[in-house]
Amino acid sequence: MMSVVFAVATVIFSQNFSFFPSVCLARSLLYNNAWLRADLIPIAERMAPVKHKILVLSGKGGVGKSTFSAQLSFALAAMDYQVGLLDIDICGPSIPKMLGLEGQEIHQSNLGWSPVYVESNLGVMSIGFMLPNPDEAVIWRGPRKNGLIKQFLRDVYWGELDFLVVDAPPGTSDEHISIVQCLQATGIDGAIVVTTPQQVSLIDVRKEVSFCKKVGIKVLGVVENMSGLSQPLPDVRFLKPSETGKHTDVTEWALQYIGERAPELLKMVAYSEVFDSSGGGALKMCQEMGVPFLGKVPLDPQLCKAAEEGRSCFEDQKCWVSAPALKSIIENLIPKRAAENGA
Amino acid sequence: MENGGYGEVLEDANEHCPGPQSESAGKSDTCQGCPNQKVCATAPKGPDPDLILIAERMASVKHKILVLSGKGGVGKSTFSAQLSFALAAMDYEVGLLDIDICGPSIPKMLGLEGQGIHKSNLGWSPIYADSNLGVISIGSLIPDPDQAVIWRGGKKTDIIKKFLKEVYWGELDFLVVDTPPGTSDEQISIVQCLKEDGIDGAIIVTTPQEVSLIDVRKGVTFCKTAGVKVLGVVENMSRLYQRLTDANFVRSSETGELTDVTKWALQYISEQAPELLGLMACSQVFDNSGGGASRMCQEMGIPFLGKVPLDPQLCKAAEQGKSCFEDQNCLVSAPALKSIIENLLPKIVGEHGA
C-alpha cells in the first residue's frame with residue numbers, strides 16, 4: 001500500500017498558518033457581521049431589560065451542557081429570579097424535553113414571539129417548538145442557522161429578565177460566532193464551560209476556553225460533569241460471569257446472601273470512575289489555563305432520569321448524589337454575577 | 001437537501017440564499033445586501049470541478065462508511081477508531097477520515113497526537129497508525145492543540161473538500177468517515193462530495209436514553225433524506241459492567257459526607273461473603289425505559305446492530321490510543337464490538353468478502 005512516496009516531503013502543519021487565523025484575525029470575525037448589522041438595534045432593544053447573559057458552552061458533545069443549562073435555569077427560577085433559557089442547538093435541540101415542554105408551540109403576540117413558560121418566571125425558546133414532527137431533521141447550513149439565532153434574539157419578547165441562559169451545541173462554529181456577534185454589543189457576562197473528566201473531552205474543551213479568550217468572553221468557570229458514578233449497593237445488579245461471555249443475573253440471590261452474611265454492605269454506596277480522570281481532569285486543565293474551576297457533578301442515573309422526565313433535580317430527594325453538587329456550584333456562581341453587577 | 005443542491009452556500013450569505021449555482025443567484029430579492037451578490041450574479045454556473053478531482057481520488061476506495069449521530073458524546077469517534085482497528089486487524093486496507101473540524105478526537109484515539117501530515121508529489125499522506133491503517137484529521141494540522149478552530153460552515157466545507165481532493169490514500173478496502181454530531185455543513189458536504197462515487201452506508205451511534213434518541217432519530221431522517229443507506233444503529237454505553245472488586249465503596253453520613261471504606265469493605269466481603277468476589281456489578285447509568293435504540297430501530301425500520309456496554313476500560317483504551325482488541329482489558333466491551341463488526345461486514349462487502 002505504501003507505494004513509493006518521493007523524496008521531497010514537506011510537513012504541512014508547520015507551514016499552513018493560512019488555515020488558522022491569528023488572534024487579530026479571529027477578533028475580526030466578530031466584526032465581519034454584515035449579515036447582522038440591520039438587526040443590531042432591534043436586538044439591543046430586546047436585550048435591554050435582560051440583566052445578565054450567560055452562555056453554556058463545551059468543545060465536546062454529550063458532556064451535559066443542556067442538562068446543566070436546564071438545571072441552572074430551574075435553580076435560578078426557584079430562587080425567584082426571572083429566567084429565560086434560549087436553546088441555540090439548531091440540529092439537536094434537547095431543551096424542550098429537559099424542561100418537560102415537548103409538543104408545545106410558540107405563540108406570537110403583538111410584542112413578538114412568546115417564550116414557552118415552564119413556570120411563570122421561567123421561559124424557554126428553542127427550534128424544538130417549531131418542528132411539527134420531532135423526527136424531522138434540520139438539515140441547514142450555517143447561514144440559515146445564523147438567521148434563526150438572529151431571529152430568536154430580535155423577535156422573542158422575553159420582558160424583564162434577571163438571567164438569559166443560552167445553551168449552545170458543541171464546537172466553535174456558526175452558532176458560537178453568531179451568538180457572540182449578536183450579544184456582544186449588549187454585554188455577555190460570561191460563559192460556563194462543561195466537560196467530563198477524560199482527556200478526550202478536555203482536548204476539545206481546551207479549544208472552547210481558547211475560543212472564549214479569543215473572542216473576549218469571560219470564562220465564569222468550568223464544571224466537570226459525570227465525575228464518577230455513585231450507586232447505593234441495593235440498586236446494583238449482580239452478574240455471574242461465564243467464559244462464553246454470557247453472564248447470569250444473580251441479583252436476587254446476591255441481595256439475599258448479602259442480607260444474611262454481610263448486612264453492613266446494604267448501607268454502602270459503590271463508587272466507580274467511569275470516565276478516566278488520570279490526566280488530572282478539569283481541575284488540572286483550569287489550573288493550566290488560568291480559569292476558575294466551579295466543581296464536579298457525579299454521574300447520577302437519577303439526574304439522567306430527571307432530564308428524561310423534564311424535571312428539576314432539586315424538587316425531590318431522588319438526585320441525592322448530583323443535586324447537592326449542582327446546588328453548590330450554582331450558589332458559588334450566582335453571587336459572582338449578582339454581586340459584580342449589583343443585581 | 002438544503003437549497004435543492006444549487007451549490008455551496010457561502011458562509012456570509014443571506015439567510016435564504018438560493019445557492020450560488022441557482023439561476024436566480026445574485027438576482028433574487030433574498031440576495032439584496034448580500035456581500036456576494038455581485039459575484040453570484042456574474043459568475044458562470046456549472047458542475048463543481050472539485051467533485052471530479054474527488055472522484056479520481058475515491059476511484060481506488062472500495063467501500064465508504066460514514067459514522068454519524070444526531071447526538072454528541074455517544075461514542076462515534078470511539079466506534080470509528082475501534083472499527084478501523086478491527087478492520088485493519090483483519091488485513092483490510094483502511095483509511096480513517098476525521099471531519100470533526102472543531103473537535104477532532106481521532107488523532108488521540110489512534111495514538112497519533114503530535115504527528116504532522118506530510119506532503120508528497122502524490123498528495124497529502126495520511127498518518128499511519130499501522131501499515132494498513134492511515135488517518136487524516138485536522139487535529140494533525142494544528143500545531144497548538146489548545147488552538148480553537150473558529151470557522152463558519154463554509155470554511156469547514158473547504159477543508160473537507162481539500163481532504164478529499166488532496167489526500168493520497170492509495171488502494172483502500174474501507175474509508176471510514178468520522179463526523180461531528182448534527183445535520184449541518186459537515187454532514188451535507190461529505191454526502192454531496194461522496195455521493196457520486198457511492199457511499200455504502202452510515203452507521204449511527206446512540207446511547208439508550210430518550211434525550212439522545214430524539215436527536216438520533218433526526219440523524220436517521222437525514223440519511224433517508226440524503227439517500228444514504230442506514231447500515232444499522234449501535235447502542236453505546238448500554239449498561240455499566242464492572243468487577244465488584246474494581247469498585248470503590250463509600251459510606252454516607254447523615255450530613256451527606258462520603259467516606260471511602262473500600263479497604264474495609266473488601267476485607268469484610270472476603271470474610272463474610274466471599275462468593276461475591278467473583279461477581280460483576282451492573283448499573284443502568286443512562287435510562288433505557290423508553291425502549292432504547294432497539295425500539296427506535298423497529299419504529300424507523302432500520303437494522304439494530306447491537307449494544308456496547310459502558311466500559312471504563314474502553315474509555316481508557318481511547319485515552320491511550322489503543323485497540324480494545326489487543327489485550328484482555330476491555331473484557332465487557334470488546335466482545336460486543338467484535339460481534340457488531342462481524343455482523344456489519346457482510347452488509348457492506350456481501351457474504352463472500354470484499
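**Figure 1. Surroundings of A:Phe152 in the predicted model.** Leaving aside residues up to four places away in sequence, A:Phe152 touches A:Leu86, A:Asp87, A:Ile90, A:Trp113, A:Met125, A:Ser126, A:Ile127, A:Met130 and A:Trp158.

**Figure 2. The largest nonpolar core and a second, separate core.** The largest nonpolar core holds 92 residues. Those that touch the most other members are A:Phe68, A:Leu86, A:Leu99, A:Phe152, A:Leu153, A:Ile179 and A:Ile192. Helix H3 (residues 65-78) of chain A supplies the largest share of this core, with seven residues. In soluble globular proteins, nonpolar side chains tend to be buried together.

**Figure 3. Packing of helix H6 against helix H7 in chain A.** The axes of H6 (residues 174-183) and H7 (residues 199-215) of chain A come within 12 Å and cross at roughly 30 degrees. Because this angle is under 35 degrees, H6(A) counts as roughly parallel to H7(A). The crossing of H6(A) past H7(A) is right-handed. From H6(A), the residues A:His176, A:Ile177 and A:Val180 meet A:Glu208, A:Phe211 and A:Val215 of H7(A). Four nonpolar residues, one polar residue and one charged residue form this contact.

Figure 4. Chain B contains eleven helices and 14 strands. Along the principal axes, its C-alpha atoms fill a box of roughly 85 × 45 × 45 Å. Of the 354 residues in chain B, 60% are buried. Among contacts in chain B with a separation of 6 or more, 73% join residues 24 or more positions apart.

Technical notes: Residues are numbered from 1 along each chain as its sequence is written. Chains are lettered from A and ligands numbered from 1 in the order in which they are written. This is a predicted model: local features need pLDDT of at least 70, side-chain atom pairs count only at pLDDT 80 or more; totals for chains, interfaces and linings use all residues. Side-chain values use heavy atoms; hydrogens and water are left out. A nonpolar core is a set of buried Ala, Val, Leu, Ile, Met, Phe, Trp, Tyr and Cys residues joined through side-chain atoms within 4.5 Å. Buried means under 20% relative accessible area, exposed over 50%, partly exposed in between (1.4 Å probe, protein chains only). Helices (H or I, at least four residues) and strands (E, at least two) are DSSP runs, numbered from the N terminus. Contact means heavy atoms within 4.5 Å. Axes are lines fitted to C-alpha atoms, for helices over the stretch in contact, and angles run from 0 to 180 degrees between N-to-C directions. Angles under 35 degrees count as roughly parallel, over 145 as roughly antiparallel, 65 to 115 as roughly perpendicular and the rest as oblique. A crossing is left-handed if the near helix is turned anticlockwise from the far one by less than a right angle, and right-handed if clockwise. Ala, Val, Leu, Ile, Met, Phe, Trp, Tyr, Cys and Pro count as nonpolar, Asp, Glu, Lys and Arg as charged, and the others, Gly among them, as polar.
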